[in-house]
Every structure is written in structure tokens, then in C-alpha cells.
Amino acid sequence: MKDLKLAGLKAERSAIEVNGVTIGGKEIILIGGPCAVESSIQMRQSAETVKKAGGKILRGGVFKPRTSPYSFQGLGREGLNYLVQAAREQDLLCVTEAIDVASLELVAEQVDIIQIGARNMQNFELLKMAGKINKPIILKRGLSATIEEWLLAAEYILSAGNPRVILCERGIRTYEPSTRNTLDLSAVGVAKELSHLPVIVDPSHAAGRRDLISSLSKAALASGADGLLIEMHPNPAEAVSDGPQSLHPEQFVQLAGELGVVAEAVNRVFACSRKNEEETLESLRNEIDDIDHTIIERLAARMQIVSKVADKKRLDRVKDNTREKEVMQRLTSLGDELKLPSELVKKIYPIIFEVAVQSQIKRKLVSEKEMDRSLASR
């Protein structure tokens, strides 16, 4: 590590301050928003959720380096305007990624923080240019980069004149297929042992699946992270990029409400603004709308699985009374634990079961007719 002349550990740790927000101080900073900017409405909704959760920075990709040339590449300048406007309306900072010199010059004029993504961690010409811009830089660790390579990439930016670098651990590629990448939380501690720069964690790109985001976020804070960069989308099912790893708005707000306890345990602070907001009829109805949206999405997902189950059944055994009884007992007990009236469960689920059975019968009949036609044509 002899070449870490500027990024190496100093007597005092660096805190990066931008427009009243400090990354690397006592307060944990939450950054949230969609992987890709898609519309002005999407970004306004995202900004409202980030603000509600106590986040300080809105994220959104306007230039998207994608593995496939046929995947959505971002809205460019138009998306940048949506991002900036939404952030300003909610008094948030904003961050987006620059993928080359041209995009770097464009975003530097409007955003508060610039991100250099994992694929560009060793794009040395881009790093040098970022070092000449007076904006904080979030530098993500490369897909298979060592910690030394990551810190030396930061050294390129620092040596070019920009002292405001924020390291971001986002998972590295390993042989484990259960997650998109493997989140290396040991890298947070090692980076802080070797460097004075703040370190944040992106659990979304590490996990690639929303069910792990909450636990990984809390673990990141416990490991010493100075902030979190979390993907959240108003409607993940319709996201053009990384929908499966994006939190629903209500999940994002709920997670934020749980971070304070973890932060306090490691002598840090995270204040979820939701606790300080006065509940109004409109705010409560908005929360209900968010939950209703999730319920419909989950029911749709359930029906898709129901269709697959139909393919595993015989037509005369589509309805399984024993299975329905077991499910009803389990869900009624769960409802009791959650203080949900058992009458509600008993009214809703028989309807869900009946619709599922009818759907399976219809699918089986169609399948058998197609098979008969196929045999008849031979």
C-alpha cells in the first residue's frame, strides 16, 4: 500500500460535506432511489419516499452501462432533468453515475455528487477527469477488484486534485450463485484501517434480491459503514432496470425506521424523519395506497405460481381440501399473532382459493384440448 500517498490513513478521518450533508461524520446517511430514471412522475414519487424515510440524497441512473447492448441505456439529459427537479422539490441532494468524459461534464453541472460505477473503477482517464471536478465522487468497488486496487483507483482522483472521495462497497463477483454478488463487509473495516476516506455500502447490487436488503443494510451499519445506497422504486414490477432488487416504498420507509437502533448500537445516529412527521389524513391514506399496491402485486405473483402448479396436477385432483385447510389454519394463526381479525382471513382466502382452483381447471382443460388436437393431427 506504499502508493496510497493521499488515500492512506491519516491522523483524522475525512468527512465529506456537501450542502449541509456530511458523509463520514456521526450521522449515517441514507441514499435512495431507482436504478434508472424513467419518468418525472417516478422520480417525484421516489423523492417523496426518500424524504419520508429520512434520507438525504436521491439517486437515479441517467446513463446506464449495461451488460447487454439491448438493455435500457438510460434517458440521458432528459432523465437528468427529472432527477434534479425531483430532488430540489424535496430539498434533497442528488447523485447519478458518469460513464465517460462527456457524461461526466454534463452531470457535473447539475448534480451534487457524481458516481463512478464498478465497471469504470479502473477507467483511469475518467478517474483523472473526476479529479479535476469540484464535486464529491462516490467510487464503487469493481466487480472483482481487490481492496488495494479500489483504494488506488481513489488515489487517481485524489492525486488529480479532488479530495472528496467516498468509497462504496457493492459486492464482488464470486462462485456463489444465490446472490447477484457477494457483499464483502470485511472490506468496510479493511478500507477504514488503510484509508481515511468515508465508506458507504450498496446492499442492493450485492444481493440482487429485495428480501436480503434489510439484513444486509443493518449488517453494513454494524460493520462501520458511513451510509447506505439502496435501490427503491415506486413500482418495482414495472422497473426497466433491476426491479427484483428494488425495495417497494413502504419497505424502504420501514427499513429506515429500523436503522436507528443499529446506528445507536455502534455509537452513530440515524434519524428517520417519519417519526417526526405529523400524521395527516392524506399521509395515512398514502401509506394505505402503498400497501394496497403491494397486496395486488403479490396476488398477481401468487396467481402466476398457481398456473405453474396446475401443470403438476391431474384435472380430477385440482382442488386439494387438505392443503386449503392447512393453509387456512396457518394464516389464521399468523393473523392472530399480527393482531389481524381472523374473520378477515376467513373471508378473503376462500375467495382466493376458489379463483385459483377455477384458474387451474381452465388451464388444464385448455392444455388437454391442445393435446387432443396434437394427437388427432398425427
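Predicted model: local features only at pLDDT ≥ 70, side-chain atom pairs only at ≥ 80, totals over all residues.
Me: Is the crossing of α1 and α9 left-handed or right-handed?
Reply: Handedness describes how α1 passes α9. Here the crossing is right-handed.

Me: How many nonpolar residues does the contact of α1 with α9 have?
Reply: From α1, the contact uses T49, V50, K52 and A53. From α9, it uses P249, F252, V253 and A256. By class, 1 residue is polar and 1 is charged. The nonpolar residues number 6.

Me: Where is L30, and is L30 buried or exposed?
Reply: L30 sits in strand β3 (residues 29–33). Its relative accessibility is 2%. Buried means under 20%. So L30 counts as buried.

Me: Which residues does L30 touch, not counting residues up to four places away in sequence?
Reply: Those up to four places away in sequence are left out. What remains is A53, G55, K56, I57, L228, I230, F252, A256 and F270.

Me: How many Å apart in space are L30 and R141?
Reply: In sequence, L30 and R141 are 111 residues apart. In space, C-alpha to C-alpha, the value is 19 Å.

Me: What is the angle class of α5 and α6, roughly parallel or oblique?
Reply: Helix α5 (residues 147–159) and helix α6 (residues 186–194) have axes that come within 11 Å. These axes cross at roughly 50°. That angle makes α5, relative to α6, oblique.

Me: How many charged residues does the contact of α5 with α6 have?
Reply: α5 passes α6 in a right-handed crossing. I147, W150 and L151 of α5 meet A187, V190, A191 and L194 of α6. By class, 7 are nonpolar and no residue is polar. The count of charged residues is also given: none.

Me: How many disulfides does the count come to?
Reply: C168 is buried, with 0% relative accessibility. Its sulfur is 13 Å from the closest cysteine sulfur, in C35, so it is too far for a bond. By the 2.5 Å rule, the count of disulfides comes to 0.

Note on methods
Residues numbered from 1 in each chain as written. Heavy atoms only, no water. Buried < 20%, exposed > 50% of the residue type's maximum accessible area, 1.4 Å probe, protein only. Axes fitted to C-alpha atoms, helices over the stretch in contact; angles between N-to-C directions. Helix = DSSP H or I, 4+ residues; strand = E, 2+ residues; numbered from the N terminus. Parallel < 35°, antiparallel > 145°, perpendicular 65-115°, else oblique. Left-handed = near helix turned anticlockwise from the far one by under 90°. Contact = heavy atoms within 4.5 Å. Nonpolar A, V, L, I, M, F, W, Y, C, P; charged D, E, K, R; others polar.
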